[in-house]
Amino acid sequence: SDYFYRSPLLSESQYSSETFGSPEKPEVFRAEGDLEIKASDGYGILLVNGNLEIKGDFLWHGLLLINGDFRFSGGGNKAVYGAVVAMGNAIRMDGGA
C-alpha cells in the first residue's frame, strides 16, 4: 500500500536517540530477538520477536507487537498513541515510567 513502507530487519539489539519512520511515512520495523530502545520515537508498526525494553523518553504513534515481555523502565516521558500487544508473561512499567 502507499501508506506503509516496509523497512529492513532491525539488525542491532539496542537503539538510542533514533526516529523510526515519520508522520508522512510510517514504516513497519521488525526485530528478531530482544530489543532495547532508549530516548527514541517512531511512527508505524514495530514487530519484536523477543522481549522489548524501553528506557528514557519514548513516543510511538502506531502499533507495538511483542512476542515476549514488554517493559518501560528508567525515567523520562513515555507514550504510545495506538496499541501495545505483548504475548509474554510480563508487562512492566517501573523506574519512574
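Of the 97 residues of the protein chain, what percentage count as buried? The figure is 35%. Please keep in mind as you look around that this is a predicted model.

Let's start with the overall plan. The protein chain has nine strands and zero helices, so a walk along the sequence, by the DSSP runs used here, gives the pattern β-β-β-β-β-β-β-β-β. If you take the contacts in the protein chain between residues at least 6 apart in sequence, 6% of them join residues at least 24 apart.

Now turn to the aromatic rings. The count of aromatic pairs comes to seven. One of them joins F58 and W60: their ring centres are 6.1 Å apart and their planes meet at 10°, so this pair is stacked, because planes under 30 degrees apart count that way. Are these two residues buried or exposed? F58 has 3% relative accessibility and therefore counts as buried, since the cut-off is under 20%. W60 also counts as buried, at 0% relative accessibility.

F58 has another ring partner in F72, and this aromatic pair is tilted, with 6.3 Å from centre to centre and 55° between the planes. Because F58 lies in strand β6 and F72 in strand β7, the pair ties together parts that are 14 residues apart in sequence. F72 is buried too, with a relative accessibility of 7%. If you now step back, you can trace a cluster in which ring pairs link Y15, F20, F29, F58, W60, F70 and F72.

Next, have a look at a glycine. G21 sits in the loop between β3 (19-20) and β4 (27-32), and at 17% relative accessibility G21 counts as buried. Which residues does G21 touch, not counting those up to four places away in sequence? They are E27, F29 and Y43. One of these, F29, is a member of the ring cluster. G21 can also be placed relative to G44: the two are 23 residues apart along the chain, and their C-alpha atoms are separated by 6.9 Å.

S13 is partly exposed, with a relative accessible area of 47%. Leaving out residues up to four places away in sequence, S13 touches D34, L35 and E36. The C-alpha atoms of S13 and L52 are separated by 9.7 Å, and these residues are 39 apart along the chain.

Rolling a probe the size of a water molecule over the atoms shows where empty space is left. In this model, the largest pocket holds about 170 Å³ of space. Its lining is made up of D34, L35, E36, N51, L52, E53, D69, F70, R71, A90 and R92. Here you meet D34, L35 and E36 again, the residues that S13 touches. Which strands each supply at least two residues of this lining? They are β5 (35-49), β6 (52-66) and β7 (70-73). By residue class, the lining of the largest pocket divides into six charged, four nonpolar and one polar. F70 is part of this lining, and F70 also belongs to the cluster of linked rings.

Conventions
Residues are numbered from 1 along each chain as its sequence is written. This is a predicted model: local features need pLDDT of at least 70, side-chain atom pairs count only at pLDDT 80 or more; totals for chains, interfaces and linings use all residues. Side-chain values use heavy atoms; hydrogens and water are left out. Helices (H or I, at least four residues) and strands (E, at least two) are DSSP runs, numbered from the N terminus. Buried means under 20% relative accessible area, exposed over 50%, partly exposed in between (1.4 Å probe, protein chains only). Contact means heavy atoms within 4.5 Å. On a 1 Å grid over the protein atoms alone, a cavity is a set of points where a 1.4 Å probe fits but cannot get out, and a pocket is an open set with protein on both sides within 12 Å along at least five of seven lines; lining residues have an atom within 4 Å of a point. Grid points are joined across faces, edges and corners, and a volume is the space filled by probe spheres set on the points. Ala, Val, Leu, Ile, Met, Phe, Trp, Tyr, Cys and Pro count as nonpolar, Asp, Glu, Lys and Arg as charged, and the others, Gly among them, as polar. Rings of Phe, Tyr and Trp (its six-membered ring) pair if their centres lie within 6.5 Å; planes under 30 degrees apart count as stacked, over 60 as edge-to-face and the rest as tilted.
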